[in-house]
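Work through the exercises below with the sequence and the coordinates at hand. Each task is followed by a solution in steps.

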Amino acid sequence: MMTETPRRVLVVDDDADIRANIADILDDLGYDVMMAADGSSALQCVRDRDFDVVLLDYKMPGIDGATLYTEIKNIRPSIAAIMVTAYAGSDGVKRAMEAGTWDVLQKPVDIAELLSKVEHAVQSPLILVVDDDESFCKSLWQILNERQYRVALAHNELDGIRQVSDRHHQIVIVDAKLGAGHGRSVIQQITESDVTASTILISGHHQEIDAILREFGSQCVQAVCIKPINIEFLLDTIAEVVN
């Protein structure tokens, strides 16, 4: 069984004092913290390693926080974002929320409120969606992100297996058929490396579902959703699992 990864936070702010102060507080509380002074440095950090949460200043040279988060989630969509801004009267808050940011806090930041938001984010369930339909994944990401679930995405069998192997997910939503691959291999990896993950199987093919259930049994597949997906049923199933 895999070990729990440390709670990782990326702090992005062009103000060195603010950046260091927040990072020091988080470090003292046991978070694994990295810092970036601008958008390009932040993107390199995200390419190099995974994070649970990114704290973003809205106004930075070269790129604003909302645009930066859009690029971050294209690399690692499971990272939750909290934005801080001194520009309450601008369109920054609206753009940040449209990008998928969970919360927007005003500068000067109330540290107690910030720490509460960070802790909520790192404790939020992590869901992996493995489906070769990228438009479906994008839509499901938006729906789940609005409910403040962290959502990782994989569009093929190999990436699904890799992500299951690399990190614990509370829930893995797996399409039974993945292009040239198969959801069976992803479920097999879950049974080998992430046994506490709950698996939700989705498919439009009853024969595929029956074959997987015969092979793995109901102890490995907690629920089945038939395509086209009933989103309310899926959300209710996720809520039952995480609660």
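The exercises concern a predicted model and go from a sheet to a helix pair and then to single residues.

**Exercise 1. Find the strand order of the open sheet of five strands, and state which strands stand at the edges.**

Step 1. The order across the open sheet is E2-E1-E3-E4-E5, and the pairing is parallel.

Step 2. Strand E2 (32–36) and strand E5 (103–106) each have a single partner strand, so they stand at the edges and one side of each is left without a neighbour in the sheet.

Step 3. On average, and with direction ignored, neighbouring strands of this sheet are turned by 20° against each other.

Step 4. For the pair of E5 with strand E4 (residues 80–85), count the bridges: there are four, in the parallel sense. The bridge partner of Thr 85 in E5 is Gln 106.

**Exercise 2. Determine which strands helix H5 (residues 111–123) lies across.**

Step 1. Helix H5 lies across strand E1 (8–12), strand E3 (53–57), E4 and E5.

Step 2. Relative to E3, helix H5 runs at about 145°.

**Exercise 3. Describe how helix H2 (residues 39–48) and helix H3 (residues 65–75) cross.**

Step 1. The two axes, of H2 and of H3, come within 10 Å and cross at roughly 15°.

Step 2. Angles under 35 degrees count as roughly parallel, and H2 and H3 are therefore roughly parallel to each other.

Step 3. The crossing of H2 and H3 is right-handed.

Step 4. On the H2 side, the residues that meet H3 are Gly 39, Ala 42, Leu 43, Val 46 and Arg 47; on the H3 side they are Leu 68, Glu 71, Ile 72 and Ile 75. Sorted by class, this contact has six nonpolar, one polar and two charged residues.

**Exercise 4. Locate His 169 and list its contacts.**

Step 1. His 169 lies in the loop between helix H7 (157–166) and strand E8 (171–175).

Step 2. His 169 counts as buried because its relative accessibility is 2%.

Step 3. Beyond its neighbours within four places in sequence, His 169 is in contact with Leu 126, Ile 127, Leu 128, Ala 152, Gln 163, Val 164, Asp 194 and Ala 197.

Technical notes: Residues numbered from 1 in each chain as written. Predicted model: local features only at pLDDT ≥ 70, side-chain atom pairs only at ≥ 80, totals over all residues. Heavy atoms only, no water. Helix = DSSP H or I, 4+ residues; strand = E, 2+ residues; numbered from the N terminus. Buried < 20%, exposed > 50% of the residue type's maximum accessible area, 1.4 Å probe, protein only. Contact = heavy atoms within 4.5 Å. Axes fitted to C-alpha atoms, helices over the stretch in contact; angles between N-to-C directions. Parallel < 35°, antiparallel > 145°, perpendicular 65-115°, else oblique. Left-handed = near helix turned anticlockwise from the far one by under 90°. Nonpolar A, V, L, I, M, F, W, Y, C, P; charged D, E, K, R; others polar. Pairing = 2+ DSSP bridges.
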